[in-house]
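Hi everyone, thanks for making time. Let me put it on the screen.

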Amino acid sequence: MKLSVLQQTYLGRRSNSFRSSGPLDSSSDSAIRSPAAIFWLILHGLCCLISLVLGFRFSRLVFFFLFSTSSTNLYTSPFRSTAELAKSLDVRSVLSTNPVTNLELPSLNKTAATTTNSRVVVGRHGIRIRPWPHPNPVEVMKAHQIIERVQKEQRLQFGAKDPRAVIVVTPTYVRTFQALHLTGVMHSLMLVPYDLVWIVVEAGGVSNETASLIAKSGLKTIHVGFNQRMPNAWEERNKLESKMRFHALRIVREKKLDGIVMFADDSNMHSMELFDEIQNVKWFGAVSVGILANSVNTDETADEKKEEEENSRMPVQGPACNPSNMLAGWHTFNTLPFAGKVAVTIDDRGTVLPSKLEWSGFVLNSRLLWKDGGDKPEWIKDIDMLDGDIESPLGLVKDPSMVEPLGSCGRQVLVWWLRVEARADSKFPPR
């Protein structure tokens, strides 16, 4: 009985709430359907659309007017004649007050300056004519002089106190890639801040091609020929290059050149820190050489390529030191991964491997080669007793433990070895 009474009471309240909300719904529907409301809604949307278009059109112009740092770069006068532009670009008035020697400036186009009605226009928009974008040449020359002075002071304070001359030995011969390799070495030597003598030994005799290349360097050069032609086999080529280096060492002894002798093949790449580091050698030193062994074999299988990529760490030749930074041995090139894939001649499509220890990783005091060098150590051999057929400069010393490791005891790679050659019958570029 009580349950039925409660249900009737709940239903009565619910029907009363629906009756009371009826007039509100009808009033809201009538408001939406009124013509005045629809008119104002359309007018509001039209105003929003006009504001959007006008704001997008003029927003960039207002931004430049508000935030431009120079009053001459505004769009108030975006058009200038070529005569006014040429006048603004004339820097000769600046050079007249403070001239700089050996400085050439491009001449302005005078024919364009005579035309006064030319405008810079693209479509409906003008191009903003900015001031002369290039720096003042006088200020540039001053900046270079300041940098040069700072570098000179740094070398005086932190570099070698009494730097010695650098004697560079380079064996070469005329071939397709000679200009490529020899130019790279030449540019490195031109940046050396010390006195330098470049001894170039050419197989097959002195040629005009090599002479014209090394003459562009402006360095003090000694260009001599060797009476044997360069063979195509890599093993025979390495032996001949050793004899050519010995020939250069005899020139150092005969002319009594004083300095540090280094061996720079024409295909080597050198860090400029190398020339500062070799100033620390007393008699006979060694640096680490990074071996960039390349393979041109396109018939490798996928497994061989994957294995080569996994073992792609750059091998290093050079001195190995103990925890006391004393010479303990030598890092040599591991030839086992290249078994059966080694190039025998220049024309072979295989990997060109270095010798056991490359000459480019050794430097020596030129006084070791002199005949009357009374203060030279006893552990050095006389080059007259050698025929030049040795694998590395270690054949010049009786006790290899006397070699001085350079470059943070061999931990820094300062020279990179690479042999990339064209076929022996290549005729490009024509000579």
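Let's begin with a torsion: about the S-S bond of C321 and C409 the angle is about -100°, so this disulfide is left-handed. Before I go further, please keep in mind that we are looking at a predicted model.

What does that bond hold together? C321 sits in strand β10, residues 316–321, while C409 belongs to helix α12, residues 407–410, so the pair ties together parts that are 88 residues apart in sequence. The sulfur atoms of C321 and C409 are 1.7 Å apart, and the cut-off for calling a disulfide is within 2.5 Å. With that rule, the count comes to one disulfide.

Now, where does C47 stand? Its closest cysteine sulfur is the one in C48, and at 7.0 Å that is too far for a bond. Likewise, C48 is in no disulfide, its nearest cysteine sulfur being that of C47. C47 is partly exposed at 43% relative accessibility, and C48 is partly exposed too, with a relative accessible area of 41%.

Back to β10, because it leads us to the sheet. Five strands make up an open sheet with mixed pairing, in the order β7-β14-β9-β10-β11. Which strands stand at the edges? They are β7 (269–270) and β11 (327–331), each with a single partner strand, so one side of each is left without a neighbour in the sheet. As a quick reminder, strands of a sheet pair through backbone hydrogen bonds, either parallel or antiparallel. Inside this one, β9 (residues 288–291) and β14 (residues 413–417) pair in the parallel sense, over four bridges.

Last stop: helix α8, residues 208–215. Which of its residues are buried? Those are T210, L213 and I214. They cover an arc of only 90° around the axis, which puts them on the same side of α8. On the face turned away from that buried side, α8 carries the exposed residues N208 and A215. And what do the buried residues pack against? Their partners are β3 (166–172), α7 (178–190), β4 (196–203) and β5 (220–226).

That's my tour, and I'm happy to take questions.

How values were computed:
Residues numbered from 1 in each chain as written. Predicted model: local features only at pLDDT ≥ 70, side-chain atom pairs only at ≥ 80, totals over all residues. Heavy atoms only, no water. Helix = DSSP H or I, 4+ residues; strand = E, 2+ residues; numbered from the N terminus. Buried < 20%, exposed > 50% of the residue type's maximum accessible area, 1.4 Å probe, protein only. Pairing = 2+ DSSP bridges. Arc of directions from axis to C-beta. Contact = heavy atoms within 4.5 Å.
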